[in-house]
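Let's take a walk through a protein together. Keep the picture open and follow along as we go.

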Amino acid sequence: MTDRVFITECPRDAMQGIAEWIPTEKKVNYLNSLLQVGFDVLDFGSFVSPKAIPQMRDTAEVLAQLDTQSPTKLLAIVANEKGAEQACSFDEIRFLGYPFSVSETFQQRNTHASIEESIARLLHIQNLAQKAGKQVMVYFSMAFGNPYGDEYHPDIVARWVERLSSEMPLSHIALSDTIGSADTAGITELFTTIIPQFRSIQVSAHLHARPEQVKAKTEAAFLAGCRHFDGAIKGFGGCPMAKDDLTGNMDTELMFDWFEKQGIQSGILADKLNYSSNLAVQVFPFA
């Protein structure tokens, strides 16, 4: 049986830290091209404070113009109950993504809440999502360590997965290397710790990397059992709440190239991916 992987494209992650406004029509055109590529999920926008992430303030307007006939599922990021209520009001959205940090410092910095407060929020968000027929993707931020000196070990991540799964119907998580600090050994250790313990949960790799690191990190996660990968065309993006010198997202083209060379199916249409890659230079002012 041929191996199969599933790729989530993250243009929201690529756009959110850009200070220069990207016109709504450019976003719509780009996102609609991505909906033709064959991605499993498209992380297209977020319902968060426009003061915190001004680039995403037109998410509802963008959504109204997307090609919802595409089989690609739409995911929107939320940081609190208000954002979840907004996201749940749109039938087109299948996933609500919530950033849960295993670093207390980053949880405060990213969502202005403690980890315990974040769990209470997440419980409420899960309830809202269930009632609306949606699923929640929990992003375990700083899952490979943090720059703040907060205690870290893969077993700490496992304990938080266990805690959340005991309190809510946890079905999808993404182990997130928020600042690009993970090496291949750390990736192997974390995924081989989490995947065997939580076989009923879909575990994704949301890694950040410099271009020369992408294929090695992809290989490490794949060999450790991961079959769901997040990326962004040309590796654009990074978390603006983490630190100033951002390490970009995993370059989707480089991941796709690695999967192709290994004979691993991804569902990606190469010509459509190339078209979106060329279109990206019109969307991102620094390209």
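Helices are DSSP runs of H or I with at least four residues, strands are runs of E with at least two, and both are numbered from the N terminus. The expected span of a helix is 1.5 Å times one less than its number of residues. This is a predicted model, where local features need pLDDT of at least 70, side-chain atom pairs count only at pLDDT 80 or more, and totals for chains, interfaces and linings use all residues. Residues are numbered from 1 along each chain as its sequence is written, and side-chain values use heavy atoms, with hydrogens and water left out.

Start with helix α11, residues 270-283. Its 14 residues should span 20 Å at 1.5 Å a residue, and the end C-alpha atoms are 20 Å apart, so the two values agree.

Now find His 112, in the loop between α5 (104-111) and α6 (115-131). Is His 112 buried or exposed? His 112 is exposed, because its relative accessible area is 63%. Leaving aside neighbours within four places in sequence, His 112 is in contact (heavy atoms within 4.5 Å) with Gln 107 and Arg 121. Asn 80 is 32 residues from His 112 in sequence, and their C-alpha atoms are 9.9 Å apart in space.

Methods
Buried < 20%, exposed > 50% of the residue type's maximum accessible area, 1.4 Å probe, protein only.
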